[in-house]
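This report walks through selected local features of one protein model. Please look over the sequence and the structure before reading on.

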Amino acid sequence: MSPIAYTALIIAAAVILFVTNRVPVVLVAMGTALSLWATGVLTLPQALGGLGDPAVIFIAALFVVSSGLEVTGVTAWAGQLLIKGAGEESRTRLLLLTMGLVALLTALISVNGAVAALLPVVVVIAVRLKRNSSQLLMPLVFAAHAGSMLALTGTPVNVLVSEAAADAGVGGFGFFEFALAGIPLLAGSMAIMILFGQKLLPERNGATMPADFSRHAKTLVEQYGLATGIYQLRVRATCPYVGQPAASIDLTAFPGLQLVAIQEGDSAGPLRRNAIAEGDHVLLRGDAEAAATFAATMHLAFRDESATTGEGEETLFNKRSGLAEVVIPPRSGLIGQNVFPGMVTESGDLIILAVQRSGNEITVGEVTTGDAGGVVLQAGDTMLLQGTWKALDTHLDDPDVLVVSSPELVRRQAVPMGPGAKQAVVILFGMVLLLATGIVPPAVAGLLAAGAIILTGIMTVEQSYRAISWTTVILVGAMMPLSTAMVETGAAKLLAERLVLMVGDAGPMALLAGLFILTAVMGQLISNTATALIVIPIGVAAAASMGISPKPVLMSTAVAAAGAFLTPIATPTNLMVMGPGGYAFSDYWKLGLPLLIWFFIVAVFIVPLIWRF
């Protein structure tokens, strides 16, 4: 068999396996790359070269940057803004805002960068609004494809066709000239997805959708009876406790008040110094009037005006500190130990706020030992701990306790613009600037941003490893050699030449239609950049032979290359949402086909009205 025949056979087998969905997609992708080597179509470095391709490295780096934005609460903040702007009930407004945002971001950076930045935001929105992620993620990606036609920087294909037009002597396309075709593409795509998306898209969620932690703090403080009656008082310079040890605080004259903890002002963690200082906080539990009297007498200030209401949710759960619920498992080393509300854990970083047994709070004195006067822990007891987010992340990895909900996951959703958020936003804008200006290649911009995320302490190296969707990275890298095989064997060029031959003298409109079909079909199997590199010279040559301007031919090719909707392997972004959206291979064409028809209408009938033959 010829190399072209082997390539066609491998592509057919891969498509069948993807459609049937009986073999893991990663195995299909790796099998495709190895088959191209085993049949002699590609050398081993060519067959596995996609795994080290700059585009694959860029995608891996984007996962780290995206996770950094999520960890710091930037995505939670963006999700809240989108929900606030769209409303919780309006699907149409939510889709309009989401698709409009991703389209504008794509025009500035790239499809991959825009989707990677907004993917966690949309997942958070889906969880919070109890919507299926499959109804939101594919519109996000397809709107990004349409948005890539709004500016020269939207996709590498735009740069290629602009350079080809300049080389042909008709002048390149202006930076925003692409928007003359891009705006109709985006408007029509948004209309199709709003009107028909709900019926054409499945009702599914990804296998690993996160839980909704947006009201986690409120749930915990209510369950443990801390919803009210918790006060955080700031130590003023005139307070008599300044310079005194923590034991100097005596509440016997203020019945109804209980000292929970003393927190350092700079870290919000339990007091580690031997003496209280100005700016430290005294955490109290009890009667509001008694708390106000105590504050006035001892020259203490409420943290803010809202704190006078004693709302436990705001006092205990904020940007600096959070809550965690832990369970005492069987055979835990903590069984039999005495604890009490306000007790600081052995690490010195966490405070025990409350203890429950069988869902009911245990008050000190109910279950005690003769000398300790605390609650004796038993297997199955639950404790509510409070401390800084860093302390919660660090000290709850202990076999003696089971964490009910990971503090890291809770913080990502429930603390908008938390610690490190400003640094993360600066890093994101820095990456966007590098991508928009083209000072460095995209892979370098992504690696620099990912490195900055780690160096600033937003994420550790281990966390960055976990943030990368290795399934997506391997899938994209393993499928890239198909593009190489199509070019190396001459299969792509053969298809293009035969198409031009079939069109013959049917006229320029027929040429646009034929080139669109060729570009769109090839773009579902190999990268649109590789497809454009093959089709552009053929289109320019055909335009010259017909005596027409190459500009409409090139713009039509760019539109066709952007219409990569029918398969998940068409673009890396299609693959990026496959897992979180719970999509199967066959889900893409159902919504993608109407969009591709609209792209065909724009490319064949609208483009010639703007750029004349």
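## Helix α4

Helix α4 covers residues 54-71, 18 residues in total. At 1.5 Å a residue it should span 26 Å, and its end C-alpha atoms are 26 Å apart, so the two values agree. The expected span is 1.5 Å times one less than the number of residues. Helices are DSSP runs of H or I with at least four residues; strands are runs of E with at least two; both are numbered from the N terminus.

Of the 18 residues of α4, 15 are buried, so the helix is largely enclosed by the rest of the structure. Buried means under 20% relative accessible area, exposed means over 50%, and partly exposed lies in between (1.4 Å probe, protein chains only). G73 follows α4 and has a positive phi, near 85°.

## Basis of the model

This is a predicted model: local features need pLDDT of at least 70, side-chain atom pairs count only at pLDDT 80 or more, and totals for chains, interfaces and linings use all residues. Residues are numbered from 1 along each chain as its sequence is written, and side-chain values use heavy atoms, with hydrogens and water left out.

## Q263 in strand β2

Q263 sits in strand β2, residues 257-263. Is Q263 buried or exposed? Its relative accessible area is 1%, so Q263 is buried.

The side chain of Q263 makes a polar contact of 3.3 Å with that of Q386. A polar contact is a pair of N or O atoms within 3.5 Å; within protein, one must be able to donate a hydrogen and the other to accept it, and residues adjacent in sequence count only if both atoms are side-chain atoms. Leaving aside neighbours within four places in sequence, Q263 is in contact (heavy atoms within 4.5 Å) with residues including Q232, D280, H281, I351 and Q386.

## Positive phi in two loops

Most residues other than glycine have a negative phi. K130 is not a glycine, yet its phi is positive, near 55°. K130 lies in the loop between α7 (111-128) and α8 (134-147). With a relative accessible area of 72%, K130 is exposed.

R331 is not a glycine either, and its phi is about 65°, a positive value. R331 belongs to the loop between β5 (321-327) and β6 (338-339). Its relative accessible area is 78%, so R331 is exposed.

## E89 and L554

E89 is placed in the loop between α5 (74-86) and α6 (91-108). E89 is exposed, at a relative accessible area of 73%. E89 and L554 are 465 residues apart along the chain, and 42 Å separates their C-alpha atoms.
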